[in-house]
Amino acid sequence: MSQQSEELAQRVVATFRARLSDAALEQLSETDFTELARMVREAISEELVRATDLVEEVVHKLRSETDRPDISL
């Protein structure tokens with residue numbers, strides 16, 4: 001995973017943690033926040049794979065269009 005994705009996951013967790021009340025923070029452990037960061041990283045990774053697949057599909061379509069001979073008269 002890229003450093004940017006890791007930093008984004010950590011920022012999401014930090015923002016979430018900052019919004020919790022003291023009572024809620026008392027109920028959550030560091031393991032819970034580590035698990036949340038893992039889930040965020042996993043979601044980012046899945047979205048990157050989907051975006052890559054879409055880009056590859058567009059590239060394939062563009063290449064197939066450019067492989068056709070232009071018979072304009």
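This is a predicted model: local features need pLDDT of at least 70, side-chain atom pairs count only at pLDDT 80 or more; totals for chains, interfaces and linings use all residues.

Colleague: How many helices and strands does the protein have?
Modeller: There are 3 helices and 0 strands, where helices (H or I, at least four residues) and strands (E, at least two) are DSSP runs numbered from the N terminus. Along the sequence this reads as α-α-α.

Colleague: Why is the protein called more spread out than a compact globule?
Modeller: The radius of gyration, taken over C-alpha atoms, is set against a globule rule of 2.2 Å times the number of residues to the power 0.38. For 73 residues that rule gives 11 Å, and the protein has 21 Å, well over that value, so it counts as more spread out than a compact globule. Along the principal axes, the C-alpha trace spans about 75 × 20 × 15 Å.

Colleague: What makes α1 oblique to α3?
Modeller: Helix α1 (residues 3-19) and helix α3 (residues 30-66) pack at about 135°, with their axes 9 Å apart. Since angles under 35 degrees count as roughly parallel, over 145 as roughly antiparallel, 65 to 115 as roughly perpendicular and the rest as oblique, the pair α1 and α3 is therefore oblique. The axes are lines fitted to C-alpha atoms over the stretch in contact, and angles run from 0 to 180 degrees between N-to-C directions.

Colleague: Which residues of α1 and α3 meet?
Modeller: With contact meaning heavy atoms within 4.5 Å, the residues of α1 include Ser-5, Leu-8, Val-12, Val-13 and Phe-16, and those of α3 include Phe-33, Leu-36, Val-40, Ile-44 and Leu-48. The residues of this contact divide into 11 nonpolar, 2 polar and 4 charged, where Ala, Val, Leu, Ile, Met, Phe, Trp, Tyr, Cys and Pro count as nonpolar, Asp, Glu, Lys and Arg as charged, and the others, Gly among them, as polar.

Colleague: How do you know whether Ser-5 is buried or exposed?
Modeller: Buried means under 20% relative accessible area, exposed over 50%, and partly exposed in between (1.4 Å probe, protein chains only). Ser-5 has 7% relative accessibility and therefore counts as buried. Leaving aside residues up to four places away in sequence, Ser-5 touches Ile-44 and Leu-48.

Colleague: Why is Phe-33 classed as it is, and what does Phe-33 touch?
Modeller: Phe-33, in helix α3, is called buried because its relative accessibility is 5%. Not counting residues up to four places away in sequence, Phe-33 touches Val-13, Phe-16, Arg-17, Leu-20, Leu-25 and Leu-28.

Colleague: What makes Glu-47 and Val-59 partly exposed?
Modeller: Glu-47 has a relative accessible area of 44% and is therefore partly exposed, and Val-59, with 31%, is also partly exposed. In the protein, buried residues make up 11% of the 73 residues.

Definitions and conventions
Residues are numbered from 1 along each chain as its sequence is written. Side-chain values use heavy atoms; hydrogens and water are left out.
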